[in-house]
Structure formats: C-alpha cells, structure tokens
Amino acid sequence: MTVASTPTAILLISCPDQPGIVHNTTGLIVDHGGNIVHLDQHVDTETNVLFMRIEWTLEKFTITRNDLLKALTPIVDRFQMRADLEFSDTLPRTAIFVSKESHCLYDLLSRHESGELLIDISLIVSNHTILKPIADRFQIPFHHFPITPENKAQQESAEIELLQNNDIDTVVLARYMQILGHHLIDAYPNKIINIHHSFLPAFPGARPYHSAHARGVKIIGATSHYVTEDLDEGPIIAQDVIHVSHRDSVKDLIRRGKDLEKIVLARALWAHSQRRVLVYDNKTIVFR
C-alpha cells in the first residue's frame, strides 16, 4: 500500500466559537513553513461550537512531529479546543470482523488492493471459518473465535488482546453478526465502524428485506455508524438510499441492498481513514 509522496499533518478541532480561531491556527502553520492544502469548518449555531479540519504539507514545515502538539498548546488552551493531530503517512491499522456474508469483505479488500482505501488491513476476525479462504487469497492473517453465550466474554477478552498486540486502532464490522460486549466497545471508542440496513428500527431481525417487501416499501437504505453500547444508535458516518418498486422481489431487495451496504461502508471507512470525521456528542461532522 502506497501513500502520497508528500506527507501531511491533519488537525481536527472542536471548541466554542469565537473570533481568532482560524487566524491563530493557520498563522502558526504558515509562519513555520506549512502549506495548507485543505481547510474546512462548520459552526453549530445552536451550541455555538466550531468544528474545523486543517491539513498541511510537512515538506518545508519547521516544527517536528514530536514538537507539534507542544507548539499548538497555547492555541489549544486559549480557545479551549479539543484537538486531534494525525499524519497522512500513518495508516490506520485495521481489523475486519466478519461472520458468513462476504460481500462487504470482498469490497473492502478490493478497494484496499487498488489503493482507494489507504489503510493497513492487519487481520481478519470471524466467529466462523467460512470466509477464511478469502483471507488466505489476500494473504491476510485470519483468526477464528467461535462465539457462544457461555464463552462470549472470554472470547471477546481474547479478541481485545489480539487487537492490542497488533496495535489495531480501527475495527470494521463487515456484516459481523454479533453484538459486541461493552469491554470491546470501551477499548475502541469511536473506532469501531458498523454497517446495517436502514430498516431499523422499523424492520429489525434476521429477515428485514422480507419484512420490507411485505410492507411494499419504496426506498431501501444502509447506514454506517460508530458502535456504542446503545445498539445501532452510535454516531452516523454515512447513509444512502435507493428507490425500489412493486416489481422488485425479495431477492432483488437483498441484491440491491447488499450493493448499497458495500458502498456506504466503504464511504464511511474512507472518511474515517482520511481523518475527515469529527465526533461530537452522538453526532458526526464529516468534512468533504
């Protein structure tokens, strides 16, 4: 996996809105030789909170990476900022969790192989072995953790240990059909990305497309979000819908729904990996 030849620094900021934030932050960057290549901001007028993403090249930047947070401290303190600093050539070390369905896994692996997704897919975890041949084909380590009600807590502890030993910072649930326990969720806050159909809560359960077909829905959708302990209610990263009609059978809805799930999950992971997502309360600001 290759990255851009000129690495960049990425700063995500949220703080009370007030004069001087953009001027002081960009001034520090420019004064030390940084070339700003992206700047986007949004003010939530109801809460008076400013959200901002700044990205600049490091080629001629005179502050070292190790000293950058220290250099930003006076600005952070002055404006009461919550600031996250990342670098474009540090690829998120990613684990993909799967069960039996392969469509999202294949899609992510192909986008990764083509260079569209700049991440480091370090391992694949599953509660079944059916998708192991896919991991073998892409030469990615595969780890099997069979889950039962009796061993769930023990197995998730082993999964956490595996993730930590491999320095994983992002977990993707690519149709992983297990509800995560709070220990795993707490270990990766706003770092676990899930995908599901948008029928919830109207069409829950294992056969949502059958239920939707019986109701004669006119649109179907998919939602990708960060995982929290509130099931399927975490901060939403990406959503999309497509129109359907009475001519679509259950098989048609499933086929078209799977296509949508792949696209929405890929969009969410791309935005996350590009450090374009800022979580605030239970919502996200996704910078384009």
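Questions and answers on this predicted model follow.

Reader: What is the strand order of the open sheet of four strands?

Author: This is a predicted model, and its open sheet has four strands. Their pairing is antiparallel. The order is 2-3-1-4.

Reader: Which strands stand at the edges of this sheet?

Author: The order 2-3-1-4 sets out the neighbours. Each edge strand has a single partner strand, so one side of each is left without a neighbour in the sheet. The edges are strand 2 (35–44) and strand 4.

Reader: How many bridges join strand 2 to strand 3?

Author: The two strands run antiparallel. Val43 stands opposite Leu50 in strand 3. Asp40 has Arg53 in strand 3 as its bridge partner. The bridges joining strand 2 to strand 3 number nine.

Reader: Which residue in the turn between strand 2 and strand 3 has a positive phi?

Author: Strand 2 and strand 3 form a hairpin. Four residues lie between them. The one with a positive phi, about 55°, is Asn48.

Reader: What angle does the direction of helix 1 make with that of strand 3?

Author: Helix 1 packs on the sheet. There it touches strand 1, strand 2 and strand 3. With the direction of strand 3, the helix makes an angle of about 15°.

Reader: What angle does helix 2 make with the direction of strand 4?

Author: Helix 2 also packs on the sheet. Helix 2 touches strand 1, strand 3 and strand 4. Its direction and that of strand 4 make about 160°.

Reader: Where does helix 2 bend?

Author: Helix 2 covers residues 65–78. The bend is about 40°, and a proline, Pro74, follows within four residues. The bend is at Leu72.

Reader: Against which elements do the buried residues of helix 2 pack?

Author: Leu68, Leu72 and Ile75 are buried in helix 2. The buried residues of this helix meet three strands and a helix. They pack against strand 1 (8–16), helix 1 (21–31), strand 3 (49–57) and strand 4 (82–87).

Reader: Is Gln80 buried or exposed?

Author: Gln80 is found in the loop between helix 2 and strand 4. Its phi is near 55°, a positive value in a residue other than glycine. Exposed means over 50% relative accessible area. At 59% relative accessibility, Gln80 counts as exposed.

Reader: How far apart in sequence are the parts tied together by Asp89 and Arg65?

Author: The side chains of Asp89 and Arg65 meet in a salt bridge at 2.9 Å, N to O. Asp89 is partly exposed at 31% relative accessibility, and Arg65 is partly exposed at 36%. Asp89 lies in the loop between strand 4 and strand 5 (93–98) and Arg65 in helix 2, so the pair ties together parts that are 24 residues apart.

Reader: Which residue meets Arg93 in a salt bridge?

Author: The pair links strand 5 to strand 6 (residues 120–126), 27 residues apart. The N to O distance is 3.0 Å. Arg93 is partly exposed, with a relative accessible area of 28%. Its partner is Asp120.

Reader: Are Glu261 and Arg175 buried or exposed?

Author: Their side chains meet in a salt bridge at 3.7 Å, N to O. Buried means under 20% relative accessible area. Arg175 has 12%. Glu261 and Arg175 are both buried.

Reader: Which residues are linked in a network of salt bridges with Arg175?

Author: Arg175 is found in the loop between strand 8 and helix 6. It has a positive phi of about 65° although it is not a glycine. The residues linked with Arg175 in the network are Glu101, Lys258 and Glu261.

Key
Residues are numbered from 1 along each chain as its sequence is written. This is a predicted model: local features need pLDDT of at least 70, side-chain atom pairs count only at pLDDT 80 or more; totals for chains, interfaces and linings use all residues. Side-chain values use heavy atoms; hydrogens and water are left out. The bend at a residue is the angle between axes fitted to the seven residues ending there and the seven starting there. Buried means under 20% relative accessible area, exposed over 50%, partly exposed in between (1.4 Å probe, protein chains only). Contact means heavy atoms within 4.5 Å. Two strands pair if DSSP finds at least two bridges between them. Axes are lines fitted to C-alpha atoms, for helices over the stretch in contact, and angles run from 0 to 180 degrees between N-to-C directions. A salt bridge is a side-chain nitrogen of Lys or Arg within 4 Å of a carboxyl oxygen of Asp or Glu.
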